Amino acid sequence: MRLTRLQKILWAAAGLATLAYGLLVLLPNRASEAVPQAAFRPTFTLPDAEGRVRTPAEFAGQHLLVFFGFTNCPDVCPTTLSEVAQVMDDLGDDAALVQPLFISIDPERDRRLGLAEFTAAFHPSIIGLAGDEAQTRAAADSFRIFYAREGDAAAPDGYTMSHSPALYLIGPEGDWLRQFTYGTPATDILADLQPRL
Amino acid sequence: MKSLILSALLTLSAAPVLACETFTLGDLNIEHAWSRATIGADRPGVFYVEITNNGSTDDALIGIATPAAGMPMLHETVVTDGIASMPHAMSIPVPAGQTVELAPGGYHGMLMGLTTTLAEGDSFPVTLSFQNAGEVVVNVEVLSLRAEGPDCDDAN
């Protein structure tokens, strides 16, 4: 009788331990799997080239193509913005339903070099946004993207930027829909985008 | 017949494209040298090229020089764990029997300190220095800001 009771306690303890272990193992896994699917609404409050503050609210009803970069970037940024420009051209009449945004992660220098002339050189529809340090960091954190200033004596002004080079698609209600990894051809982006419009 | 007309058309359209010129230095074939138009001269320009080593000895591109820029350097765009950075490339290997591309998203020449705006249709010389083969000057064609590469009939 006492043994049986002990056994019960042991079984209960084993059961609890299994349950606790299961929770420990499964919960973080489920959480990490759920992250890419989880609907979240990244946000930003950033001035455009004319100093007018823009937020996602004014783009309600439109899809947003968001890219974080810097205008002093010779390789990655022109490549991605060229693809965005091609997508906008190929959308034809549907182009009004999509707003491309270029968010500067090097805002001070980009303002000095000229933000509007940079975005316009790729496509007139692209809006360039460049805030202050805090606004930029807040936008990047909200999109869960990385950027950092890297000291480099040989680079222009002694530094360069490393950053997440993907293109982000935000839905008409502000929901993060997906990312297009760096190098996704314009035709693939267009094919994904068109059925959504 | 159709394909003949098509290839004739392609040849015609490709004929004036400078970036399709091929340069030879020993066993090295150098082609598709191009750059992107810049907005002003304050931002760095870029230099792309394709190098084929037809020989049996490995070589390496160890430097570039051009009158178009005060400080041209070799860089590589590296995307690690979703972060793009652009470390210097001390040298770019050109192994025997292989083709190495300096192309968007990978190796590229970064032209810092541009002496002038690079406008579409312009061209400028770049001297390529190789570890073994020595030096060669190639003509670089400036394509549009939105170009992804030269449109050569032999491009694949």
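Predicted model: local features only at pLDDT ≥ 70, side-chain atom pairs only at ≥ 80, totals over all residues.
Residues are numbered from 1 along each chain as its sequence is written, while chains are lettered from A and ligands numbered from 1 in the order in which they are written.

**The annotated site**

An unreviewed UniProt entry lists Cys73(A), Cys77(A) and His163(A) under "binding site"; such annotations may be inferred rather than shown by experiment, and the positions follow the numbering used here, with feature names shortened. They span 91 residues in sequence, but no two of their C-alpha atoms are more than 10.7 Å apart, so they gather at one spot.

| Residue | Other C-beta atoms within 10 Å |
|---|---|
| Cys73(A) | 26 C-beta atoms |
| Cys77(A) | 23 C-beta atoms |

Cys73(A) sits in the loop between strand E3 (63–69) and helix H2 (76–91) of chain A, and Cys77(A) is in H2 itself. Helices (H or I, at least four residues) and strands (E, at least two) are DSSP runs numbered from the N terminus. Leaving out residues up to four places away in sequence, Cys77(A) touches Gly69(A) and Phe70(A), contact being C-beta atoms, placed from the backbone, within 7 Å.

**H2 against H6**

H2(A) also packs on helix H6 (residues 186–193) of chain A, at an angle of about 50° and with axes 9 Å apart. Axes are lines fitted to C-alpha atoms over the stretch in contact, and angles run from 0 to 180 degrees between N-to-C directions. The pair is therefore oblique, the class left over once under 35 degrees is roughly parallel, over 145 roughly antiparallel and 65 to 115 roughly perpendicular. Glu83(A), Gln86(A), Val87(A) and Asp90(A) of H2(A) meet Ala186(A), Ile189(A), Leu190(A) and Leu193(A) of H6(A).

**Where the chains meet**

Chain A puts 26 residues into the contact and chain B 24. On the chain A side, H2, helix H4 (115–122) and strand E7 (159–163) each give two or more residues, with H2(A) giving the most, five.

**Chain B**

Chain B has one helix and twelve strands. Of its 156 residues, 36% count as buried.

Notes
Buried ≥ 20, exposed ≤ 12 C-beta atoms within 10 Å, placed from the backbone. Contact = placed C-beta atoms within 7 Å.
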